[in-house]
Amino acid sequence: MKASWLIRRPCREVIMLKPIEVALPVRQLVEYVHASGHIEPLSPGATELLQEGTRAHQRVQQGYGDGDQKEVYLSADIPCEELLFRLDGRCDGLLAVGKQVTIDEIKSTGGPLETIPEEGIPVHWAQGVCYAYMYALGHGLQSIGIQLTYVQRVTGDIRRLQREHAFHELELAVQEMLRRYAPYARLLGAHATKRDASIAELPFPYSRYREGQRRLAGAVYRSVEEGVSLFAQAPTGIGKTISTLYPAVKAVGTGHLRRVYYMTARTTTRASAEEALRLMAEKGLHIHAVTITAKEKICPQEEMICRKEHCPYADGYYDRINGAMLDMLDRETLITREVIETYAHKHKVCPFEMSLDAAYTAEVVIGDYNYIFDPRVSFKRLNGETKKRTAILVDEAHNLPDRARAMFSAELHKAPFLALQRELKDRHREGYQAAKAVNDYFIALRKLQAGEARRVEAEPPDRLLKLLETFQSAVEPLLADEVSGMLELYFEVQSFLRTAQLYDERYVTYTETTGSAVTIKLYCLDPSHLLRQTAKGYRSIVYFSATLTPVSYYRDTIGADELDYALTLGSPFKREQLAVRIAPISTRYRDRGASYGPIAELIMEQVRSQPGNYFVFFPSYAYMNALYDCFTAELSGSSQRNGRRIEAQLQRSDMSEEERQSYLSTFQPDEERSLIGFAVMGGVFSEGVDLPGERLVGVIIIGVGLPQLGLERDLLMDYYERKGYNGYQYAYVIPGMNKVLQAGGRLIRSETDRGSLTLVDDRYLRREYERLLPGEWRQSDNHV
């Protein structure tokens with residue numbers, strides 16, 4: 001059977017003395033051509049159902065004959081006009097069927113095989129055509145077979161489609177694909193030439209380095225050059241963002257790197273990276289940098305439903321995305337959220353998916369930690385060669401251990417299974433039974449606990465995992481239906497099963513019951529091993545923060561290699577810029593009621609003696625709200641101090657981005673007003689916020705930031721005790737004091753800033769807390 005979609009229009013070859021070489025993986029080529037609209041895109045939901053499954057591939061390959069080969073690397077140099085494409089890839093199988101050689105392309109699906117079109121899917125044939133052409137070209141074959149093997153990954157059922165192609169058909173088809181790709185290759189080639197020239201001439205964007213900046217920049221470049229990672233503690237205000245991005249960009253220009261990922265824990269800190277790139281662009285840098293914004297934030301629809309029936313930006317996405325990308329990449333370099341939204345609207349494509357597509361092209365990508373470290377959402381199309389030339393800059397790296405624990409953990413709740421069981425009762429017998437079986441398991445678990453609120457075990461719930469595998473198989477055929485809550489539950493089950501595959505001695509399973517509600521969680525106690533595995537393959541990872549104290553803790557919890565570098569820089573600012581004092585008022589939970597009045601009076605006295613804008617940080621919303629009420633009650637009786645009125649504003653847990661910006665915008669110099677901002681440590685205002693000069697004159701920190709006592713923190717404490725560490729320090733004290741250091745770091749941001757820092761708690765006088773304070777905070781005679 002001949003492939004009707006093959007287009008017989010060869011690319012005109014031009015003999016050149018030195019053609020422009022373009023490295024091009026097969027997958028990248030066929031995905032680009034597939035997206036162009038010349039080959040029909042997959043039907044809705046098909047991308048989820050046709051994911052590659054390693055185990056399914058291996059099952060098929062185990063059935064190969066003695067003369068067959070698996071995972072065969074193929075490559076070819078193919079001229080097309082002034083370009084020389086170095087096409088390469090790895091085919092799943094090379095079969096010897098009699099005298100016929102056949103390329104086997106394996107695709108796994110979680111859905112029924114009947115849902116796959118009778119003639120197969122064009123993009124899969126395109127992959128097979130590329131591999132067949134490369135093999136036939138290298139071995140002088142006049143014809144070759146192509147086989148698509150579709151395997152149902154749960155049942156193991158197989159469906160095979162076969163074609164035979166003459167060499168000239170394959171050549172015409174590959175040349176046509178390359179011709180379509182050529183405009184994109186030319187654009188990227190011209191961009192690369194301009195990029196390299198601009199980086200070679202790029203100066204440091206400021207007139208001089210701050211103290212410590214040159215050391216940090218040099219350490220980053222050396223780490224990249226040598227292919228090792230770096231743990232860097234650099235104080236707030238030194239300019240860490242430019243000191244890491246600038247040497248990384250220079251490493252792109254020297255060929256050490258192809259791509260740089262700047263990963264952050266919070267949206268607010270991404271603005272710093274964008275500003276650093278803008279400054280370098282003003283100095284002549286020409287580079288593509290893309291910021292990825294979460295799908296729920298950038299979605300242009302009122303309701304986020306990613307199906308073509310509901311979203312005009314999803315309907316026909318693959319028909320329009322290539323034109324949109326060429327338009328944007330030709331006109332823009334710094335591709336922020338606003339730029340993505342502009343071109344997505346212009347070309348009617350999904351802005352989130354467009355930002356991901358742009359990220360695979362850009363030299364610099366700015367985004368959340370999860371795009372690298374979270375196995376559920378991390379970039380999937382990074383091949384080994386690309387990773388070897390990629391560096392990751394991890395901003396505010398002190399957040400990574402706790403974020404990683406969440407990424408590598410998973411939980412399920414009873415209620416959604418009961419709801420789905422009721423939904424499917426009269427609609428789908430197999431799905432109903434599978435949901436009921438899981439719900440029954442939760443009921444039995446609740447009875448087993450016999451009123452005990454929590455139960456902790458060191459083994460995975462094997463019986464539940466088997467029930468979940470059955471559930472997943474049963475509901476997969478229903479994913480295209482609009483059954484309430486099913487798609488979300490399906491992905492939660494997938495995440496739970498995926499996490500179970502990581503389960504080892506670093507995990508526990510715990511169950512919590514509250515009334516009829518039951519939750520079971522696979523909790524990752526120690527993410528260091530998994531973070532180390534994730535880091536493998538990348539050229540270098542730079543973990544940097546103002547608060548990697550003590551560095552041994554972060555090397556342990558992040559998973560440092562013995563060869564990784566560590567750098568600790570002192571403050572570049574003068575001691576007299578910061579006035580530090582300790583108010584030994586107990587803020588322990590049992591003493592909080594008695595602390596409201598003294599702390600409210602302390603705040604008032606501070607504002608009276610030094611008018612201006614202040615942040616007051618608290619360890620919890622409850623404590624903050626109670627003290628805010630006490631302070632405002634006192635304030636209402638006397639709102640005028642030293643000729644200035646005093647105003648207070650309160651952080652809320654549910655503030656929108658616009659409300660957060662409005663909160664910060666009120667911190668302006670005002671000779672008639674002193675502003676007191678009440679906020680929580682570890683919240684959005686305690687990290688990545690820059691209020692220089694008179695916008696902020698003081699910070700008051702209430703308590704030592706200890707996390708709330710709870711099961712998970714106690715499990716961490718016990719785990720690290722068993723490993724020979726001080727468990728209480730690892731689970732409570734160090735994470736708490738880190739929040740203190742971050743909150744205090746909002747104050748001195750430049751060489752001209754001055755301010756006062758007040759630490760309210762008697763524990764600051766104890767050695768185990770004092771030793772975690774920066775040197776410039778440990779001043780003599782600073783007690784209130």
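Two strands count as paired if DSSP finds at least two bridges between them, where helices (H or I, at least four residues) and strands (E, at least two) are DSSP runs numbered from the N terminus. The model is predicted, with local features needing pLDDT of at least 70 and side-chain atom pairs counting only at pLDDT 80 or more, while totals for chains, interfaces and linings use all residues. Residues are numbered from 1 along each chain as its sequence is written, and side-chain values use heavy atoms, with hydrogens and water left out.

**Exercise 1. Describe the open sheet that contains β14 and β15.**

Step 1. Four strands make up this open sheet, in the order β13-β16-β15-β14, and their pairing is antiparallel.

Step 2. At the edges stand β13 (410-413) and β14 (454-457), each of which pairs on one side only.

Step 3. β14 is joined to β15 (residues 507-514) by four bridges in the antiparallel sense, and Arg-454 has Glu-512 of β15 as its bridge partner.

Step 4. Helix α16 (residues 414-424) lies across β13 and β16 (517-524) and runs at about 50° to β13.

**Exercise 2. Characterise the packing of α25 against α26.**

Step 1. Two packed helices are described by the angle between their axes and the distance between the axes. Axes are lines fitted to C-alpha atoms, for helices over the stretch in contact, and angles run from 0 to 180 degrees between N-to-C directions.

Step 2. The axes of α25 (residues 711-722) and α26 (residues 727-744) come within 5 Å and cross at roughly 135°.

Step 3. Angles under 35 degrees count as roughly parallel, over 145 as roughly antiparallel, 65 to 115 as roughly perpendicular and the rest as oblique; α25 and α26 are therefore oblique to each other.

Step 4. With contact meaning heavy atoms within 4.5 Å, the residues that α25 contributes include Arg-713, Leu-716 and Tyr-720, and those that α26 contributes include Tyr-728, Ala-731 and Pro-735.

**Exercise 3. Describe the second largest cavity.**

Step 1. On a 1 Å grid over the protein atoms alone, a cavity is a set of points where a 1.4 Å probe fits but cannot get out, and lining residues have an atom within 4 Å of a point.

Step 2. The whole structure holds two cavities of 30 Å³ or more, and the second largest cavity has about 40 Å³ of space.

Step 3. Among the residues lining this cavity are Pro-375, Phe-408 and Arg-498, and helix α19 (residues 486-500) supplies the largest share of the lining, three residues.

Terms used
On a 1 Å grid over the protein atoms alone, a cavity is a set of points where a 1.4 Å probe fits but cannot get out, and a pocket is an open set with protein on both sides within 12 Å along at least five of seven lines; lining residues have an atom within 4 Å of a point. Grid points are joined across faces, edges and corners, and a volume is the space filled by probe spheres set on the points.
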